[in-house]
Structures are given as structure tokens and as C-alpha cells.
Amino acid sequence: MPEPLSERQVDALSADADRFIAELDEEAYLHYAGLKETYDLAPIYERYAELTKLETALALGASLDGGRRTRELWRFSCEGYLGSIVREEAERVAELEATLQATLDGEEVPYRMLRPRIANEDDRATRERLERARNELTEEHLNELHLRAADRMHREATRLGAPSYTELYRGFGFQLDALADQCRRFLDSTERLWEETGDRFFRTRIGLGLGEVERWDVARIWRGAAWDAAFPKERMVPALEATLADLGVDLRAQENVHLDLEERPTKDPRAFCAPIEIPERVILVIKPQGGPDDWRALFHEAGHTEHFAHTSPSLSVEERRLGDNAVTEGWAILLEHLTIDPVWLERRLDFPRPYEFAAEGAAQLLWLVRRYCAKLLYEVEFHAAPDVTAMRSRYVELLGGALKVAPSDTDYLADIDDGFYASKYLRAWAFETQLRSYLRERFGNAWFTRREAGSLLRELWAEGQRYTADELLREVSGEAIELDAVTDRIREALAAA
Ligand SMILES: [Zn+2]
């Protein structure tokens with residue numbers, strides 16, 4: 001049993017964590033914004049090796065005092081340790097994903113381009129061949145590495161003092177069982193709704209019913225190319241600026257927010273937020289492409305950006321950088337969902353058929369939430385399984401059962417988020433839905449045009465991640481987080497179309 005740490009030692013580790021995360025975020029920004037070709041994590045990990053050592057994680061575990069701060073730092077150190085244990089496999093996977101290619105009619109398609117190609121491919125037979133090529137590459141080259149990483153993480157979780165990886169997270173305060181119960185209830189209560197809504201949605205987008213759609217059709221359906229004209233790329237940033245202005249936030253005047261709009265050849269096309277210093281230096285990186293998905297991504301990342309940029313500098317490192325990520329995901333989703341809000345679409349864009357688009361957005365949300373419910377149930381079992389290879393058929397059973405579209409069993413290892421991140425999204429969807437209901441009740445359906453709503457948001461953003469999503473919601477509306485709230489919101493959007 002390691003000795004508990006002194007307060008001064010905990011403070012030093014906390015300060016190290018602050019710098020460590022800042023350097024990781026800076027490196028990610030430089031690489032993905034196309035400013036730096038290589039992505040050099042190893043030297044950063046080496047500089048802060050102390051933080052992610054087994055002894056440090058165990059010593060922090062021995063120093064738990066019932067307070068949230070030490071618990072968050074302990075979790076951070078455990079996750080860093082587990083990450084360092086599988087870094088070799090993770091790097092090899094990233095390298096293979098970047099270099100593997102499928103050959104299709106004599107043409108080489110890079111592994112990472114297969115999904116985007118499927119999303120933009122009209123011919124169904126070609127989509128099927130692209131998807132099958134992807135599944136084969138995953139099975140043949142990546143699964144061995146994924147398997148080794150999962151086995152190592154599971155073994156090392158026991159060295160961190162928990163009987164299993166799942167138990168380790170219960171120890172971090174993750175309410176996995178209560179959430180799993182909510183997921184089971186949600187899957188049950190929306191089963192019929194999904195069968196009807198999914199069928200209608202798939203027919204609208206692609207002319208195939210729920211029983212006919214296969215996994216290679218899904219990315220094409222999601223792409224929603226028919227709506228591209230309503231979401232032009234030139235209007236993305238102006239629409240964001242105008243929306244924030246209504247809430248009392250002048251994006252261009254925010255000194256701690258940097259907008260990176262520059263075109264660079266190797267810039268990642270997907271918007272992202274790099275909160276390098278919270279709140280002093282938050283970067284919103286965008287390479288506008290246009291189309292409904294790109295708009296969603298921009299507004300999502302802008303939600304993270306405003307949350308971090310408004311976080312009070314007087315909070316501790318743990319309250320600014322760690323804590324419950326369902327909070328920042330909730331703020332991100334609140335802005336993201338404006339792009340499927342018919343009232344916003346009407347006011348902010350001269351949008352054709354906003355209620356129809358909103359209903360399609362609701363169908364998509366229902367798929368996503370059902371998918372994550374199934375994922376969480378799967379991951380809870382997976383991370384406690386004595387032999388994870390036995391989970392292959394369970395993956396198809398749980399995901400296919402929820403979605404009525406069978407996934408490929410080759411994804412049973414790769415389709416897992418580290419650290420039960422699925423639980424953060426699930427709670428964020430509920431948090432956002434309930435908060436939005438509160439905002440609509442208090443400020444009207446056009447709440448996002450009201451300065452007072454903006455003042456309330458800024459006040460809540462200032463709390464950083466000091467409180468959990470549950471605590472924050474209870475403070476605002478007196479409610480507990482409830483996944484069922486999402487069902488009501490989906491039904492409302494579907495009924496209005
Ligand atoms: Zn996010």
C-alpha cells in the first residue's frame with residue numbers, strides 16, 4: 001500500500017497536469033490545423049512521466065479524502081497510466097489507419113477515406129464493396145492490435161486496485177448501473193417509435209425501408225446531401241456570429257477566443273476546439289465545407305469554445321480541465337441542436353421546409369441515442385468480460401437489436417470509446433434536452449434571441465466543470481437527468497412536421 005501524498009505533492013501534480021494537458025492540446029491544434037506535419041506526443045509524455053506512472057496513480061488513490069479534486073486527479077493519473085500502457089498499440093493503429101489502402105477496380109482508396117467515400121457514393125453496390133473492403137482491412141490488420149490493447153488495459157486496471165476496468169470506473173464515481181437502467185428503459189420505450197420513424201426517415205433519404213437498409217447505406221443516409229443548398233459554406237461563420245451576438249457574445253471581440261479560418265492543405269476538414277488555456281486561450285478551428293453535417297460540427301465546437309472561454313479563471317485546474325465532460329458536451333450539443341431547431345432555421349436562414357428538416361434531425365437523434373444506449377450496455381459488459389473475444393456476437397446482437405441495421409462484427413473492438421465516454425454523451429443529450437425545455441419555458445421558443453438567456457448561459461458557463469451535469473441541471477431546473485426527456489423532444493419534432 002503506497003503512502004498518501006502530502007497536500008504540497010498533490011498541488012505539484014495538479015500543476016503538472018495543467019501544463020501536460022495544455023501541451024497536448026497545443027500539439028493537437030498545430031497538427032490538425034495543418035501547421036505542423038508530425039504529431040509528437042512521446043516527448044510530451046516523457047516530460048510529464050511522473051503523472052502517468054503506476055506509483056503516482058496508486059499514491060493518489062491512497063490520498064483520496066472524499067473531495068472531488070483528488071478523485072479527479074486520481075482518475076486523470078489512472079487514465080494516463082492506462083494510456084501509456086497501450087501507447088505502442090495506439091500509435092501502430094494510427095499508423096496503419098493512415099497507410100492501409102483498399103483496391104477497388106484498380107483504384108487505391110486509403111482506409112480513412114472509405115467512410116467518406118461511402119457517404120458520397122450513390123451506387124449501392126459500390127457502397128457495399130467499399131464497406132466490405134473496410135471490414136476486411138479492420139479484421140486482417142487492426143483487430144489483433146485492438147485485442148492486445150484491450151487485454152493489456154484490462155490486466156492493468158486490476159493493478160490499479162479494481163477487480164475490472166468497469167469496476168475501476170464505478171470507483172471514479174461513474175453511475176454506470178443507473179445509466180444502464182435508463183438505457184434499457186429508453187431502448188424499450190422507443191422501440192416502436194424507432195421502427196416507424198427510422199423506416200420513414202430512411203425512405204425519405206434513400207428510398208429504402210428499415211428492413212432493407214444495410215450498414216453500407218447508413219453513412220449515405222446521414223450525409224443528407226439533398227439539404228446542401230440550405231447550408232451554404234459562406235454563411236456558416238456569419239450565422240454563428242449572429243447567433244452568439246443575440247446571446248450577448250461578440251465572437252470577434254473575444255480576446256481569449258481565436259478563430260482559425262485559414263485554408264491549409266493538411267488542415268483537418270472537421271471543425272474542432274483546442275482549449276489550450278482555459279479560459280485564456282481557446283481556439284476554434286474551422287475549414288468551412290458547407291452542408292448540414294458541417295454546420296452541426298461547427299456549432300457543436302463553438303459550444304465547447306464558449307463554455308471554456310467563459311470558464312472562471314479562479315477555478316482550480318481540476319474544475320477547469322477535468323470534471324464531468326457531460327457538461328461541456330451538453331453545452332456543445334445545445335448550440336449544435338440549433339441547426340435542427342425549426343424556429344432557429346426560420347429566423348437565422350431563409351430555410352425551405354424547416355419542420356421537415358427538424359423531423360429528420362429528430363430521427364437522426366433517435367438513432368444516435370439508441371446507438372449509444374446499446375454501446376454503453378455493450379461496453380459495460382465488454383470491460384468486465386474475462387475473455388473479450390467472446391463479445392463479438394454480443395456486439396452484433398446489442399447494436400443490431402437497437403438499430404434494426406446489423407453492424408459488422410469486425411467492429412466489435414474498434415467501436416469502443418475509452419473511459420466510458422459514451423456515458424458522457426448520453427447524459428449530455430438528456431442534460432441539453434432538459435435545459436432547452438427550461439430555456440423555452442422561461443424565455444420562449446426563440447430563447448436563443450434573448451439577451452437574458454445569454455446572461456444565464458454565461459453565468460453557467462463560468463462554473464466550468466466544477467459541478468456535474470446532474471448538479472448543474474438540479475440547480476437550474478430542479479430536475480434529475482432523465483433520458484426519457486429526449487423521447488418527448490423527438491416526438492414533438494416529429495409531430496410538427
Ligand atoms: Zn463535443
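## How two helices cross

Is the crossing of α7 and α11 left-handed or right-handed? In this predicted model, that crossing is right-handed. Helix α7 covers residues 124-159 and helix α11 covers residues 215-223, and the two pack with their axes 8 Å apart, at an angle of about 110°. Angles from 65 to 115 degrees count as roughly perpendicular, so that is the label for α7 and α11.

As for who meets whom, α7 brings Arg127, Glu128, Leu130 and Glu131. Across from them, α11 supplies Arg215, Trp216, Asp217 and Arg220.

## Further along α7

Arginine 148 also belongs to helix α7. Is this residue buried or partly exposed? Arginine 148 has 14 C-beta neighbours inside 10 Å, so it counts as partly exposed; being buried would take 20 or more.

Threonine 389 sits 241 residues away from arginine 148 along the chain, yet their C-alpha atoms are separated by 11 Å.

## The largest nonpolar core

Now for the inside. The largest nonpolar core has 126 residues, and the ones touching the most other members are Val285, Leu298, Cys373, Leu376 and Leu426. Which helix gives the most to this core? That's α17, residues 354-382, with 16 residues.

Once you set aside its neighbours within four places in sequence, its contacts are Cys183, Phe186, Leu187, Ala402 and Leu426. Leu426 turns up again here, as it is also among the core residues that touch the most other members.

## The buried side of α12

Helix α12 spans residues 236-246, and its buried residues are Met236, Ala239, Leu240, Thr243 and Leu244. They all lie on the same side of α12, because the arc they cover around the axis is only 130°.

What covers these buried residues of α12? The cover includes α13 (292-310) and α16 (342-348). Just past the end of α12 comes glycine 248, with a positive phi of about 90°.

## What sits around α3

Helix α3 takes in residues 54-62. Which helices do the buried residues of α3 pack against? Their partners are α1 (7-32) and α4 (68-85).

Conventions. Residues numbered from 1 in each chain as written. Predicted model: local features only at pLDDT ≥ 70, side-chain atom pairs only at ≥ 80, totals over all residues. Core = buried A, V, L, I, M, F, W, Y, C linked by C-beta atoms within 7 Å. Buried ≥ 20, exposed ≤ 12 C-beta atoms within 10 Å, placed from the backbone. Helix = DSSP H or I, 4+ residues; strand = E, 2+ residues; numbered from the N terminus. Contact = placed C-beta atoms within 7 Å. Arc of directions from axis to C-beta. Axes fitted to C-alpha atoms, helices over the stretch in contact; angles between N-to-C directions. Parallel < 35°, antiparallel > 145°, perpendicular 65-115°, else oblique. Left-handed = near helix turned anticlockwise from the far one by under 90°.
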